[in-house]
Amino acid sequence: MDWRTIISVILLVSLRVTKALPRTSQDIEEKTSIGQRFSQLQENNFKAIALILFAQYVPGGTFGRAAAMAEGVTALARRCAAVPSDSPGCLKPLDKIFLDTICQEENLPQSADCCAKRDPERNDCFLSLRNSSQGFSSPLERPDAEAACRNHSQHGQPLTGHFIYEVSRRHPFLYAPAILSVALRYEEMMQNCCGNAEGPSHHVEECFQRQAPKVVKPVREDALRQEHTCGILKKFGERTLKALKLAQISQKFPLADFVTVHKLVVAVADMHKDCCRGDALGCVRHREEILHYVCSSQHVLSSRMQQCCEKPLLQRSECILNMHNDDKPAGLSPLVREFIEDKGVCDRFAQEKDMHLARFLYEYSRRHPEFSAQMLLRIGKGYEDLLRECCRPGAPSGCLSRGEEELRKHIYETESVMRTSCDIYKEKGDYYFQNELLMSFTKKMPQLTSAELIKFTKEMTTIGSKCCQLGQDKLLPCAEEHLDLVLGQICRRHLADPINPGVCRCCSSSYAFRRPCIGKLEMDESYVPLALTPGLFAFHGDLCTSEEEKLQHRKQEMLITLLKYKPQISPEQLGSVTAAFAAMRERCCREASPEACFLKEGPELIKRSEKMLSA
């Protein structure tokens, strides 16, 4: 069956599952053979997911080899499903079957070292090779519209499979269901834009320019979120991930009871464990089971769920994730005083530990949709610390009552930080707000490259434009949860190539407190400033460009270099140097030969700036 048909079938398929969620992925994994998984997912799903898995595990391979491996594994699964078999090949664990298939192939890029290891180290080795830095490029960034449509009409059958392969290898952390969803959007775009390919070519080009971002943007966003989730699980463990999901699910479904929410949290965390360790088949299976459970429990969870649950499976997940939080029950007090004032609190904490803390987080989260999930985790940690201090023998009476005051203080501080940042953004606008961030983060993390600093601060600036226009009830969730994604990228960058001890402390000590910790970082005292070499500050004719975006980028690169050269520069000194540079640029850009002017004036500016900086 061709790849286009596979995608069409996946859109409509509905798996036969029970309403009960699985106990744990390990329970399921130990009992599910490749034949059973094949029967559960059906051949078309199995084959598409196998292609995704091989593309993600061997991103430097080719489509032909990945497709051949997917066909081979699918043929084995089909044989094992057809007749109950005691064949060792059918009884092997799924991850072993896939890795054995890879390791039987000759000359696959980077696979030899991993294949020399024993399981489970072999799987860990392949997972460590995943690199999301390639990003998503051709064929959608700047597609040749006519060539794309010609390809689609001539090679429509394998083209969608090739697209799945390209997305998978470029986004090795993107979950299989998300890849299948974007393949559907890609197929729709090709049909919409190429359907009238006989018309003027500029119409096809315009169609691609209009529709391609709708395909590419969700890929990037989903991949970032899923890599972020796997990063949290890897660095901070299952307990932190469950707490995060508990806060988020309690906010989304405030009408649901604690038992239902907790069951869902365990299942979602369990799904992420499968997805993050590379079990694409288990990942899909768990996701389907969760969706069926959620839709069969609409009456308990949310009245808004119906419109999502009526959609085909692949669209259902995206709909639920994007669904607005349900309205919280009427009459809920903003505080949960029973967790402070009840005389049996310490006994319950001693007996139930994490379950008692989970009930507190559930009750507080469902009452406060205006708080970010990260802030709710900090509140939960504050409550845990309070119990540990006040429930110990000899603790003073009234110890627990001070918790309310500490809570008010933390809420005020968090809201003040966000309001202040938004005030600065509204006053300065995108470019100058980003420059403020560049000055702050270059001092905190001077080891980052100029490209990295500009990228991260650009993303933070985009958060300002997106969130600062919202009301107070939406500001915190929008700002801190998007900022958390950027800080996650910085921390994964630190994990790959350590930045400095301050960043290490913030990225390692606590997920919930990562944002406040990085916010409080000051200048890195361990950093050795750049030496003043002849090529450190180079002024060329490109400073006279009329393209404002390119000029701003060039200025930001020079600002970063200046800060790395003089990290302790004062605002007054920076203002003086900036004014001198602006005057030189204006003079030279009026000259017939700006390059010759910069060659003469540049060294003079550096000398004058040195005097200003040493004053």
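Predicted model: local features only at pLDDT ≥ 70, side-chain atom pairs only at ≥ 80, totals over all residues.
Helix α25 comprises residues 472-496, 25 residues in total. The distance from its first C-alpha to its last is 37 Å, close to the 36 Å expected at 1.5 Å a residue. Of the 25 residues of α25, 18 are buried, so the helix is largely enclosed by the rest of the structure.

A total of 44 salt bridges is found in the structure. One of them pairs the side chains of Glu318 and Arg185, with an N to O distance of 3.3 Å. Glu318 belongs to helix α18 (residues 313-322) and Arg185 to helix α12 (residues 176-194), so this pair ties together parts that are 133 residues apart in sequence. Glu318 has a relative accessibility of 36% and therefore counts as partly exposed, the buried class being limited to values under 20%.

A salt bridge also links Arg348 with Asp342, where 3.8 Å separates the closest N and O atoms. Arg348 is partly exposed, at 28% relative accessibility. Asp342 is likewise partly exposed, with a value of 35%.

In the salt bridge between Glu406 and Arg402, the N to O distance is 2.3 Å. The relative accessible area is 43% for Glu406, which is therefore partly exposed. For Arg402 the corresponding value is 29%, and this residue too counts as partly exposed. Elsewhere, salt bridges with shared partners connect Lys92, Lys96, Asp100, Asp119 and Arg122 in one network.

Terms used. Residues numbered from 1 in each chain as written. Heavy atoms only, no water. Helix = DSSP H or I, 4+ residues; strand = E, 2+ residues; numbered from the N terminus. Expected span 1.5 Å × (residues − 1). Buried < 20%, exposed > 50% of the residue type's maximum accessible area, 1.4 Å probe, protein only. Salt bridge = Lys/Arg side-chain N within 4 Å of Asp/Glu carboxyl O.
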